[in-house]
Amino acid sequence: MTRPPFPRALAAGLLTTGLLLTGCGAEVESAAGGKPGTGSGKDADTVTVSNCGKDITYTRPRRAIAYDVSGAEKMFALGLADRMRGYVMNKLGDPSIKGSPWREKYAEVDRLGNERITREIVVDAKADWVLAGWNSGFSEERGITPALLDKVNVASYLHTETCWDYGDKSVDTSPLQALYTDLDNLGKIFGVEKRADELVGDLKKRVDALKKTWPAQSDPAKVFVYDSGTDQPFTAGRHAAPDDIITAAGGTNVFGDLDKGWTTVGWEPVIEAKPDVIVIVDYADQPAKDKIAYLKKLPGLKSVPAVKNNRFHVMSYGDVVSGPRNVAGAEDLGRYLRSVGR
């Protein structure tokens, strides 16, 4: 994901969401169940990859659990549904399933939980491997970390997008590059390297093609991502997938200078940024139309170009969390920006 899913709060008649998880990183240098060796071939028993700056040796997972849209769809896109014991996802993400290119795969794989992933879910399912993000799945506070899972003989992999906030915080890469890294690593871990190479190659080609549609102008459209929030809006900093989605589409994230993933800001900085377009993140129990209506009613936003010109672009939650749908999200946003001359 990778963002703390579905923040929740109630104000101004709009149901909004707040941060779910907090915590600090726990170091782990070997995966539970791993054996010495660094095999990378299709038939190898083990493989070693770098995850959040640590070389970790994995035994081929056979009962994997993925958390949220980010984890599930990286697995599905690589054709790994048959290697999964199941997935866990908050019910608020259900519209993302309905709109997913892999919705049939969701139906084929067991759903093990409708809220947050827990160590109890993992142990009860007899899983041997877990895919999740730091502070969007794994959490010191809630007692599910790579180190704690290792103690019960369960291996784990963290979404690279969240490595900036994990462990020694030495891994800092752009969101799309983090996605490519994960797909490459998952290909190696599960022995589907060719499939991963083809998928990553296709995603990169689509991004390159999208960049060729940028208009010949020096001022890319300024874009504000509005997930939720009334007292303070919940938005995307430079470590969250929308930062690269916006850039690939030919715009610029007005909060792209924040050294954060998904985070809260004040309304004054939004007003000062004067966004040309506002991206609305859509998911269950917070319809995009209600969010748009709320923003239009805020007195301070009436002078913002996006509001004055009614330039709102709705994106599915499944498109804005780290996953293979990020590129489709960028393509959709790019088409919208071109439609308004940007």
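**Disulfide and backbone notes**

Tutor: A search of the whole structure finds one disulfide, that is, a pair of cysteine sulfur atoms within 2.5 Å. This is a predicted model, in which local features need pLDDT of at least 70, side-chain atom pairs count only at pLDDT 80 or more, and totals for chains, interfaces and linings use all residues. Residues are numbered from 1 along each chain as its sequence is written, and side-chain values use heavy atoms, with hydrogens and water left out.

Student: Which cysteines form the disulfide?

Tutor: Cys-52 and Cys-163, with their sulfur atoms 2.0 Å apart. The angle about the S-S bond is -85°, and the link is left-handed.

Student: What parts does the pair tie together?

Tutor: Cys-52 sits in the loop between strand 3 (46-51) and strand 4 (54-59), and Cys-163 in the loop between strand 10 and helix 6 (175-189), so the link joins parts that are 111 residues apart in sequence. Helices (H or I, at least four residues) and strands (E, at least two) are DSSP runs, numbered from the N terminus.

Student: Is Cys-52 buried or exposed?

Tutor: Cys-52 is buried, at a relative accessible area of 8%. Cys-163 is buried too, at 1%. Buried means under 20% relative accessible area, exposed over 50%, and partly exposed in between, with a 1.4 Å probe and protein chains only.

Student: Where does Asp-68 lie?

Tutor: In helix 1, residues 68-77. Asp-68 has 0% relative accessibility and therefore counts as buried.

Student: And what about phi of Asn-153?

Tutor: Asn-153 is not a glycine either, and its phi is positive, about 65°. Asn-153 is in the loop between helix 5 (146-151) and strand 10 (155-158). With a relative accessible area of 51%, Asn-153 is exposed.

Student: Next, Asp-94. Which residues does Asp-94 touch?

Tutor: Met-89 and Arg-111, leaving out residues up to four places away in sequence. Contact here means heavy atoms within 4.5 Å.

Student: How many residues apart in sequence are Asp-94 and Ala-284?

Tutor: They are 190 residues apart in sequence, and 6.9 Å apart in space, C-alpha to C-alpha. Asp-94 belongs to helix 2, residues 94-98, and counts as partly exposed at 26% relative accessibility.
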